[in-house]
Amino acid sequence: MIAVPPTAVPPTPMEIDVRGPRVAAALTCAVLVAAFLTDSTMLLAAQVAVFAVAAFAGLRWSPYGNLFRLAKRRFDLGPPPATEPASGPRFSQLLGFLFSGAGLALILAGNRTVGWGLVLLVVALSALLATTGLCVGCEIYAFGQRWRRRAGDREEATA
Amino acid sequence: MDRVVIVAAVLLIASALSAWWRAREGRVHHSVAEADDRLALLAGGRRTFLQFTAPDCHPCVAARRVLDAVATERGLRVVAVDVGADPGLARQHRILRAPTTLLVEPDGTARARIGGVPDPAELRELVGF
């Protein structure tokens, strides 16, 4: 019988490398800062599109996620130190889309102060994620999941 | 130039939040609480790390690894409670996020609380020898 050495098991489709969201957050921060400094709605629109792809098509299709995977292969960054469920980071992308999308809409409608204010909020939260790994969107998602479970349990109890 | 100043201010605020978060994360906060029957039941007569967890909680996995390592060294138990499954217990002990860990004595007294992934050195110092 031929002994087959154990092979590393890649993350399941619903699990992602924990480094990925931080890299994406750093890129997001850089793009949005550049958009603000140059007053570029085109650059802002591009970032909104990136958020939309990740939120609606899934993290597998995220442009920044794919850049990170390319960099991992090209520079041999090693296996993931840990993996995490994709649901929280994907929800964060949705929040990023909503806030930056609303910012873009307001800017185009003429309300530049509030519009860019929303964009700068996304800059701050992206910077926080990139530097500390703290994903505020993920925390909101987890809180929402717990709240839904409690509501479901209460419904069952009263049924 | 104004825009540069605004961006710098935003990034400074984010840095301050980042520093505050890093300082808090995983630190031991000592508490004085009365013995609690429910905690005593969960402790099962031993000093216990009671970890409040949640599904999809990635830091909970990292926290559990640290707790298991220190518990094995020092002869403690580790018990996990899903905050969604037992919201009453979480509310009673003001658990606002997962992971949060309580060090529970055999009589049900919560001696300390740690939010996030515990710092192993601080945890060892907390439980002593």
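Reader: In which helix does A:Leu27 lie?

Author: A:Leu27 lies in helix α1 of chain A. Helices here are DSSP runs of H or I with at least four residues, strands are runs of E with at least two, and both are numbered from the N terminus. This is a predicted model, in which local features need pLDDT of at least 70 and side-chain atom pairs count only at pLDDT 80 or more, while totals for chains, interfaces and linings use all residues. Residues are numbered from 1 along each chain as its sequence is written, chains are lettered from A and ligands numbered from 1 in the order in which they are written, and side-chain values use heavy atoms, with hydrogens and water left out.

Reader: What makes A:Val23, A:Leu27, A:Leu67 and A:Leu70 a nonpolar surface patch?

Author: A patch takes residues with over 30% relative accessible area (Shrake-Rupley method, 1.4 Å probe, only the protein chains shown counting as cover) and no salt bridge; nonpolar side chains (Val, Leu, Ile, Met, Phe, Trp, Tyr) are joined within 5 Å, like charges within 9 Å. These four residues make such a patch, of about 300 Å². Helices α1 (19-38) and α3 (63-75) of chain A each give two or more residues to the patch.

Reader: Why is the pair B:Arg3 and A:Asp39 called a salt bridge?

Author: The term requires a side-chain nitrogen of Lys or Arg within 4 Å of a carboxyl oxygen of Asp or Glu. The side chains of B:Arg3 and A:Asp39 meet at 3.4 Å, N to O, and therefore the pair qualifies. The rule finds one salt bridge across the interface of chain B and chain A.

Reader: How many residues of each chain are in contact, and how much area do the chains bury?

Author: With contact meaning heavy atoms within 4.5 Å, 22 residues of chain B touch 27 residues of chain A. Buried area is the accessible area (1.4 Å probe) that two parts lose on being put together, summed over both; here the value is about 2100 Å², 66% of it on carbon and sulfur atoms. B:Arg3, B:Asp56 and B:His58 supply 30% of the area that chain B buries against chain A, more than any other three residues.

Reader: Which peptide bond to B:Pro99 is cis, and where does B:Pro99 lie?

Author: The bond from B:Ala98 to B:Pro99 is cis, with omega near 5°. B:Pro99 lies in the loop between α4 (87-92) and β4 (100-104) of chain B.
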